[in-house]
Amino acid sequence: MSSRRSRSRQSGASSEITDAQITDLVAKLLRLIPELRPSRSGKVSAAKVLQETCNYIKNLHREVDDLSDRLSQLLATTDSNSAQAAIIRSLLMK
Amino acid sequence: MRNLSSLKQEFLRKWIKGLRKYNSQKKNMNLLERKKAIKLSADLAMASTRNKATLWRKALVAKTSIDESNKNDISTSSQPKKIRKKLTNSSPLCRKRRRIRTVYKAKERVEASFIAKKMVQKRTRKLKSLLPGGKSMDEACLVDETLDYIESLRAQVEVMRCLVTASELFINPSPPVDGGKWCFYTYMKTMYRGKHIYLSLSIYIYLHKMKTSTQNVAGLNNRKKIKSYMN
């Protein structure tokens, strides 16, 4: 299987992520990223773990961007006529 | 994992402080400037939580200060392109390297572990590019940094989501108007399934109290109470 975790160790240089680190990463992220659950073979490939982690981080970044967009639009369009708008403004701007 | 809701509270407090500072500094920002201000204050707040000296926090703070000085500068977009152009020259050395690479490729194409290793290296590089300050991290601390960054990023996203949806619902309540408050509350509850309800409830109570107390005096007292909580 090309995607098995066991790899031939090189000259012990710390220039690669070790299997132990991947296991640690999987254990901690299992709750957040359901794709990390081991499938039928009972093992998760290191490449897949890193890929899913990257995707997760990218999604979070995108969501932050989207939320900032919405918030800036909210602050821009709330005009002074509604009481609610004044409350939001007093919360977020001094 | 450590206490997520305390992390979120700390983030909310710092973020709102930062937002107020930005908004009081410059009135009448346009949409783009305001969005950048929101993002910068959120990133700064996230980086200053927990008081830990992780690499990504330092890098994020450095990046925020650079971004802040470039906020109104439109001409900065030309600089990155210049740097990229320098790196992609095809000197004779690059061409020789490419030739050697094709020879190796033919030999070891069937070598499965080789391919797997290359994949892992490629993905590690990708992960490093996503983390702030990741390019200068060595693999030993990469995993720990990633975990800490993901935890803080999650807290940031959840707090922002809570605040934005609460504010949106508050300003534009879904009909009927009287049931709007109830719908809002149940919406928050289902969104958070009882967990971290403290944070969303505190926002809700603040907004609700502000709405129902139309007299200035009562409103002022409540506002002071909530402000003391925020600070």
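In this predicted model, B:Leu7 touches B:Thr49, B:Arg50, B:Glu151, B:Ser152 and B:Ala155, leaving aside residues up to four places away in sequence. B:Leu7 itself belongs to helix 1 of chain B. With a relative accessibility of 1%, B:Leu7 counts as buried, because the cut-off for that label is under 20%.

Now for the aromatic rings. A pair of them is described by how far apart the centres are and by the angle of the planes. Over all chains, the count comes to 2 aromatic pairs. One is made by B:Phe11 and B:Trp15, and this pair is stacked, with 5.7 Å from centre to centre and 15 degrees between the planes. Both residues are found in helix 1 of chain B (residues 4–25), and their spacing of 4 residues is about one turn of the helix. B:Phe11 and B:Trp15 are both buried, too.

B:Trp56 and B:Tyr149 also form an aromatic pair, this time edge-to-face: the centres are 4.9 Å apart and the planes make an angle of 70 degrees. Here B:Trp56 comes from helix 3 (residues 55–69) of chain B and B:Tyr149 from helix 7 (residues 139–171) of chain B, so the pair ties together parts that lie 93 residues apart in sequence.

Methods. Residues numbered from 1 in each chain as written. Chains lettered and ligands numbered in written order. Predicted model: local features only at pLDDT ≥ 70, side-chain atom pairs only at ≥ 80, totals over all residues. Heavy atoms only, no water. Phe/Tyr/Trp six-rings, centres within 6.5 Å; stacked < 30°, edge-to-face > 60°. Helix = DSSP H or I, 4+ residues; strand = E, 2+ residues; numbered from the N terminus. Buried < 20%, exposed > 50% of the residue type's maximum accessible area, 1.4 Å probe, protein only. Contact = heavy atoms within 4.5 Å.
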